[in-house]
Number of protein chains: 2
Amino acid sequence: MEILAKDLKQVVVFQHATDNDLNLILQNSITRSIEESGFFFHQGDDAKFLYILTSGQVKLMQSNPNGQQVNLRTIAAWQMFGALGIAQSDGATYPAAAQTLEDSTALAIQSTFMRSMMETRPYLAFDLMNLMTAYIQEMQARYRELATEKVEQRVANALIRLAGQTGTKVGKEAGILLSFSRQDVAEMTGSTLYTVSRLLSEWERQGFIKTGREKITILKPHDLVRIADRLEK
Amino acid sequence: MEILAKDLKQVVVFQHATDNDLNLILQNSITRSIEESGFFFHQGDDAKFLYILTSGQVKLMQSNPNGQQVNLRTIAAWQMFGALGIAQSDGATYPAAAQTLEDSTALAIQSTFMRSMMETRPYLAFDLMNLMTAYIQEMQARYRELATEKVEQRVANALIRLAGQTGTKVGKEAGILLSFSRQDVAEMTGSTLYTVSRLLSEWERQGFIKTGREKITILKPHDLVRIADRLEK
DNA sequence: TCCCGTCTTTGCGCTGGCGCAAATAACTAA
DNA sequence: TTAGTTATTTGCGCCAGCGCAAAGACGGGA
């Protein structure tokens with residue numbers, strides 16, 4: 001599928017870019033398709049490219065030396081990822097890995113090219129800074145959540161966040177469908193497969209979600225919000 | 001105390017700025033002194049200024065609705081803080097509060113002025129992006145730490161990090177002195193006052209730190225690293 | 001010097017959440 | 001349809017870390 005300048009307009013970082021800019025970017029980029037469970041890049045690779053996801057879904061994750069991993073973020077179509085290497089002129093490496101959750105395609109843009117574009121186009125630099133700022137704020141909020149809240153609240157929050165970012169409406173049942181395994185949710189919330197399973201089962205018993213294999217359907221978002229916001233005890 | 005352009009040279013974000021730039025910045029800023037335990041700004045305030053700490057020590061912290069708080073970062077002299085509002089042209093608010101740990105003075109620079117400087121000086125924008133990138137990476141690493149590591153390892157890591165950022169060498173004892181209460185350390189590691197106290201007492205018994213009221217002296221950094229890196233069990 | 005507020009230590013009991021193990025359940029390919 | 005693979009559920013035991021309470025230790029101010 002050919003990607004056009006007008007498609008790139010929906011990328012937040014490119015919202016102020018001119019058509020000319022976007023065409024230049026397209027000329028200096030290639031598309032890469034990765035099948036489900038493959039990697040666009042691994043943690044520690046040289047950050048030679050930044051990516052715009054054009055289809056599919058990707059998770060950014062970080063592993064510790066033991067191999068335990070945490071999910072930092074999931075990327076939906078037309079979001080940028082792998083951009084942290086731009087500011088450095090040399091030798092930056094990706095601080096996280098990007099693994100596909102389904103067959104995915106992305107536009108790969110040379111980091112050095114993007115950097116040179118931003119040198120003469122301040123609005124591009126500001127838009128990228130805005131993205132970084134938003135990301136910092138999200139990480140701070142999640143850090144606080146992990147430090148101060150119980151697993152139950154963290155899982156409820158994660159589902160709410162996912163519903164906003166990647167959920168799809170299910171027509172007849174008026175629910176929001178999420179495609180994540182118990183393990184995925186555990187990695188997002190700093191918990192375990194078992195605890196997440198027990199929580200989801202309990203919530204299904206209470207009737208405000210429906211669960212399936214690698215599927216969670218939110219039936220009553222309001223009840224989740226109530227759990228997420230519940231004060232201690 | 002008069003602040004000169006050459007003083008600002010040690011600010012990482014200003015490392016490529018010209019003397020002329022630095023003087024312009026000085027002309028568009030004021031100094032603010034805040035006594036111990038006071039605030040440069042609170043979470044949610046309009047982000048009208050960004051700050052360069054010139055003396056003292058400041059912590060950035062975030063509170064949840066219950067009032068529990070987490071320490072995101074401590075700021076030492078000549079570090080920039082409160083800069084997240086720059087990229088947005090309007091209505092940004094500080095996502096965290098900045099409270100002094102001792103009597104402190106900072107240079108307050110108008111966010112809008114700094115933004116206009118960066119529009120014509122790409123190197124400034126890149127240096128700020130570098131700072132944001134470093135901060136994102138630190139937050140990601142700490143998030144992973146919180147999600148996957150035990151309290152013991154997180155506290156050891158926090159002490160190591162603090163030693164690098166704010167520690168002062170103690171001559172005769174060849175130790176690194178940190179000035180933080182048990183509560184401070186607990187808020188940095190997502191733990192509690194009690195657990196931190198028990199850990200520090202144990203480590204003192206083993207002889208690789210020395211503790212006092214709001215003081216921790218690291219005698220054998222290597223032993224802390226060993227604890228921080230220890231694999232499970 | 002003494003007082004008072006703040007910080008720290010430590011005993012004690014409790015429990016949220018972990019993680020093994022084993023049984024299902026749900027998909028996939030042939 | 002069947003076999004093989006992967007995801008999920010749930011019983012069970014366990015323990016790291018929480019948090020109260022009470023007793024010290026420290027340090028600044030008058």
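Predicted model: local features only at pLDDT ≥ 70, side-chain atom pairs only at ≥ 80, totals over all residues.
Residues are numbered from 1 along each chain as its sequence is written, and chains are lettered from A and ligands numbered from 1 in the order in which they are written.

**View 1. The two domains of chain A.** Domain 1 of chain A spans residues 5–145 and domain 2 spans residues 151–229; such bounds come from an automatic or database domain assignment. Taken over C-alpha atoms, the centres of the two domains are 26 Å apart. Eight residues of domain 1 of chain A are in contact with eight residues of domain 2 of chain A, contact meaning that the C-beta atoms of two residues, placed from the backbone, lie within 7 Å. On the domain 1 side, strand β5 (residues 69–75) of chain A gives the most, with four residues. Helices (H or I, at least four residues) and strands (E, at least two) are DSSP runs, numbered from the N terminus. That side of domain 1 of chain A comprises three nonpolar, four polar and one charged residues. In these classes Ala, Val, Leu, Ile, Met, Phe, Trp, Tyr, Cys and Pro count as nonpolar, Asp, Glu, Lys and Arg as charged, and the others, Gly among them, as polar.

**View 2. The contact between chain A and chain B.** Chain B and chain A each bring 35 residues to the contact. On the chain B side, the elements giving two or more residues are β5 (69–75), α3 (111–120) and α4 (122–148). Helix α4(B) supplies the largest share, 18 residues. By class, the chain B side divides into 20 nonpolar, 11 polar and four charged residues.

**View 3. The relation between the two copies.** The same surface serves both copies, as 100% of the contact residues of chain B recur in chain A.

**View 4. The surroundings of DNA strand D.** Two or more residues come from each of α6 (182–189) and α7 (193–205) of chain A and α5 (151–166) and α7 (193–205) of chain B. The largest share, six residues, belongs to α7(A). This surface has five nonpolar, nine polar and seven charged residues.

**View 5. The surroundings of DNA strand C.** The elements giving two or more residues are α5 (151–166) and α7 of chain A, together with α6 (182–189) and α7 of chain B. Helix α7(B) gives the most, with six residues. By class, the surface near DNA strand C has five nonpolar, nine polar and seven charged residues.

View 6. B:V185 is placed in helix α6 of chain B. With 24 other C-beta atoms within 10 Å, B:V185 is buried. A residue is buried if 20 or more other C-beta atoms lie within 10 Å of its own, exposed if 12 or fewer, and partly exposed in between, with C-beta atoms placed from the backbone. Leaving aside neighbours within four places in sequence, B:V185 is in contact with B:V155, B:A158, B:F180 and B:V196. The C-alpha atoms of B:V185 and B:V70, which are 115 residues apart along the chain, are separated by 9.7 Å.

**View 7. Two residues with positive phi.** Most residues other than glycine have a negative phi. A:E214, although not a glycine, has a positive phi of about 55 degrees. A:E214 lies in the loop between β11 (209–212) and β12 (215–218) of chain A and counts as partly exposed, with 13 C-beta neighbours inside 10 Å. B:S37, also not a glycine, has a positive phi of about 75 degrees. B:S37 is placed in the loop between β1 (29–34) and β2 (39–41) of chain B and is exposed, with 10 other C-beta atoms within 10 Å.
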